[in-house]
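Biologist: I am new to this one. Could you walk me through how to read it?

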Amino acid sequence: MKNFRLFKTNDYEELSIQSARVFSGAVLSKPNGTFGFATGSTPEGMYKELVRLSNEGLVLFSGITAFNLDEYYPIAPSDEQSYSYFMAKKFFDLVGVPLSKRNIPGANNDPKIDCDLYEEKLASGDLIEMQILGIGTNGHIGFNEPSDTFPGRTHLVRLAESTIKSNAKFFKHPADVPKSAITMGVGTIMMAKRILLMVSGEAKAEILRDALTGPITPLVPASALQLHRNVTIVVDKAAAKYL
Ligand code: PGA
């Protein structure tokens, strides 16, 4: 396997604590830096641990600028299923990231305009110091679903059926899962100086092996990470089954 920095942990709790250590280390070394955030069930435990570290005064998040990977489209930021709401309630509000420094791809205008604006905002600031990532069971990163090419920049995407199925767990009715989203492109993600990939559970074990050791192909979008020079991976035992 390529020269990733790999932390194997026993279970989800250890994975959350280890990921929080890696991420807070990056924030401590750049307290006014730009950081990339992700939603979903995998990073929830890490956010809890980061909130604890923040409450104890061990790491401050009030100076950072935040950019999120993706957001459903269309969805209102006040919608409880939106990633804006997730980030506010589970992290930003609790650690004091100012509203003006929270960036989530929005759908206020034409989605094309929103995507271009997001890229412009990203390009006008510092590079992302560390981008948090999960992986989908189909190998997606952000909402870059398997396809014929690696999508470069922030774009509107139609969600894969497997993603809609995976995310149905967060909704009352499976039919409520939005069918589209705005996501940073694989190229946008690859611009980050460092990447923190978190993977938990046996359901991700096979795709994780394919992404890290298989061919680099847009059919497994996470395989692009083999081309990045600074990826830290934190896995639990179940996800590391085939590594
Ligand atoms: P999950 O999603 O953390 O809810 O498994 C990860 C992803 O789809 O990137």
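## Reading the ligand site and the rings

Modeller: Start at the ligand, where one of its oxygen atoms is 2.5 Å from an N or O atom in the side chain of T42. Keep in mind that this is a predicted model.

Biologist: How much of the ligand does the protein bury?

Modeller: Taken alone, the ligand exposes 280 Å², and the protein buries 84% of that.

Biologist: Which residues lie around the ligand?

Modeller: Go along the chain. G40, S41 and T42 come up, then G134, I135, G136 and H140, then K169, F170 and K204. By type, this shell divides into 2 nonpolar, 6 polar and 2 charged residues.

Biologist: Now the rings. What describes a pair of aromatic rings?

Modeller: Two things: the distance of the centres and the angle of the planes. This structure holds 14 aromatic pairs. Take F23 and F37. Their ring centres are 5.5 Å apart and their planes are at 70°, so this pair is edge-to-face. The cut-off for that label is an angle over 60 degrees.

Biologist: Which parts does the pair of F23 and F37 tie together?

Modeller: F23 lies in helix α1, residues 12-29, and F37 in strand β2, residues 34-37. The pair therefore ties together parts that are 14 residues apart in sequence.

Biologist: Are F23 and F37 buried or exposed?

Modeller: Both F23 and F37 are buried.

Biologist: What kind of aromatic pair do Y72 and Y83 form?

Modeller: A tilted one, with 4.8 Å from centre to centre and 40° between the planes. Y72 is in strand β4, residues 70-73, while Y83 is in helix α3, residues 83-95. So this pair ties together parts that are 11 residues apart in sequence.

Biologist: Why do Y72 and Y83 count as buried?

Modeller: Buried means under 20% relative accessible area. Y72 has 3%, so Y72 is buried. Y83 has 9%, so Y83 is buried as well.

Biologist: Which rings form one aromatic cluster?

Modeller: F23, F35, F37, Y47, F61, F86, F91 and F92 do. F86 also has a charge over its face: K90 lies there, at 5.4 Å from the ring centre. Look at Y242 as well, where R209 lies over the face at 5.1 Å from the ring centre.

Biologist: Where is P74 found?

Modeller: P74 is in the loop between β4 and α3. Check its peptide bond too. The bond from Y73 to P74 is cis, with omega near -10°.

Biologist: Is P74 buried or exposed?

Modeller: Exposed means over 50%. P74 has a relative accessible area of 60%, so P74 is exposed.

Biologist: How far apart are P74 and S62, in sequence and in space?

Modeller: They are 12 residues apart in sequence and 29 Å apart in space, C-alpha to C-alpha. Now try C115 and I182. They are 67 residues apart along the chain, and their C-alpha atoms are separated by 7.2 Å.

Biologist: Where does C115 lie?

Modeller: C115 lies in helix α4, residues 111-124. C115 is buried, with a relative accessible area of 4%. From G187, C115 is 72 residues away in sequence and 14 Å away in space, C-alpha to C-alpha. G187 itself is found in helix α6, residues 186-190. At 21% relative accessibility, G187 counts as partly exposed.

Biologist: One last stop. In which strand is H155 found?

Modeller: H155 is in strand β7, residues 155-158. H155 counts as buried, at 18% relative accessibility. A polar atom of the H155 side chain lies 2.7 Å from the backbone oxygen of R153.

Notes:
Residues are numbered from 1 along each chain as its sequence is written. This is a predicted model: local features need pLDDT of at least 70, side-chain atom pairs count only at pLDDT 80 or more; totals for chains, interfaces and linings use all residues. Side-chain values use heavy atoms; hydrogens and water are left out. Rings of Phe, Tyr and Trp (its six-membered ring) pair if their centres lie within 6.5 Å; planes under 30 degrees apart count as stacked, over 60 as edge-to-face and the rest as tilted. Helices (H or I, at least four residues) and strands (E, at least two) are DSSP runs, numbered from the N terminus. Buried means under 20% relative accessible area, exposed over 50%, partly exposed in between (1.4 Å probe, protein chains only). A charge sits over a ring if NZ of Lys or CZ of Arg is within 6 Å of the ring centre and within 35 degrees of the ring normal. A residue is near a molecule or strand if one of its heavy atoms lies within 4 Å of it. A polar contact is a pair of N or O atoms within 3.5 Å; within protein, one must be able to donate a hydrogen and the other to accept it, and residues adjacent in sequence count only if both atoms are side-chain atoms. Accessible areas come from the Shrake-Rupley method with a 1.4 Å probe; for residues, only the protein chains shown count as cover. Ala, Val, Leu, Ile, Met, Phe, Trp, Tyr, Cys and Pro count as nonpolar, Asp, Glu, Lys and Arg as charged, and the others, Gly among them, as polar.
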